[in-house]
Amino acid sequence: QCIMAPYQNGKAFMFRISNFSYNQLIEVEANVNFSWHPKGSPNRSFNLLELERNRIDFFPSSWTIVHPINEGSPLYGKSLAGIKEEDVEIIIKIKAYDPSSGQMVYARRSYVTNELEWGKKFVMLAEILPDGQRVADLSLLSKTQDAPLPD
């Protein structure tokens, strides 16, 4: 699931990923491209999105990948209608090292405009048990709730 959510007095494009394998993954990197069809142009344009964090060293269970919307973002000032009009696609590549196999692993995914939930936020995955242990409920990975966006 991908969302446009409130974020630090503004908004951000976000999605979550999870490591459902029993293998630990390390040196995980995310690469997110924004593709759109500018008005009046016969060609698609591409722009690498700047992420809050594009790499984590250890991937235990889940990671919310965040692209803050600021003046340098190609999403800045765009409405949902504007994004649909430009036929936006978000193209994602995840790369990690699996030390148990000694190999790099890759995942890729893309989201088109009708898959973007506007004005949502992800529900919390983690819960702290009475003994202090932190547990993540990965069945909630794509679950969202309403969250009004700032103007």
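Guide: Let us begin with Asp-87, which is partly exposed at 44% relative accessibility. Please keep in mind that the model is predicted.

Visitor: With which side chain does Asp-87 meet in a salt bridge?

Guide: In general, side chains of opposite charge can pair when their charged atoms come close. Here the partner of Asp-87 is Arg-44, at 3.1 Å from N to O. The two belong to distant parts of the chain, 43 residues apart: Asp-87 sits in the loop between α1 (80-85) and β7, and Arg-44 in the loop between β3 and β4 (45-48). Arg-44 is also partly exposed, at 31% relative accessibility.

Visitor: How many salt bridges are there in total?

Guide: The count is eight. Another of them pairs Lys-95 with Glu-29 at 3.9 Å, N to O. This pair spans 66 residues, linking strand β7 (residues 89-98), which holds Lys-95, to strand β3 (residues 25-36), which holds Glu-29.

Visitor: Is Asp-57 buried or exposed?

Guide: Residues over 50% relative accessible area count as exposed; Asp-57, at 52%, is therefore exposed. The side chains of Arg-55 and Asp-57 meet at 3.2 Å, N to O. Through shared partners, salt bridges join Glu-29, Arg-55, Asp-57 and Lys-95 into one network.

Visitor: How far apart do the centres of the positive and negative sets lie?

Guide: They lie 3 Å apart, for 16 positive and 18 negative side chains.

Terms used:
Residues numbered from 1 in each chain as written. Predicted model: local features only at pLDDT ≥ 70, side-chain atom pairs only at ≥ 80, totals over all residues. Heavy atoms only, no water. Lys, Arg positive; Asp, Glu negative; His and termini not counted. Charge placed at Lys NZ, Arg CZ, Asp CG, Glu CD. Salt bridge = Lys/Arg side-chain N within 4 Å of Asp/Glu carboxyl O. Helix = DSSP H or I, 4+ residues; strand = E, 2+ residues; numbered from the N terminus. Buried < 20%, exposed > 50% of the residue type's maximum accessible area, 1.4 Å probe, protein only.
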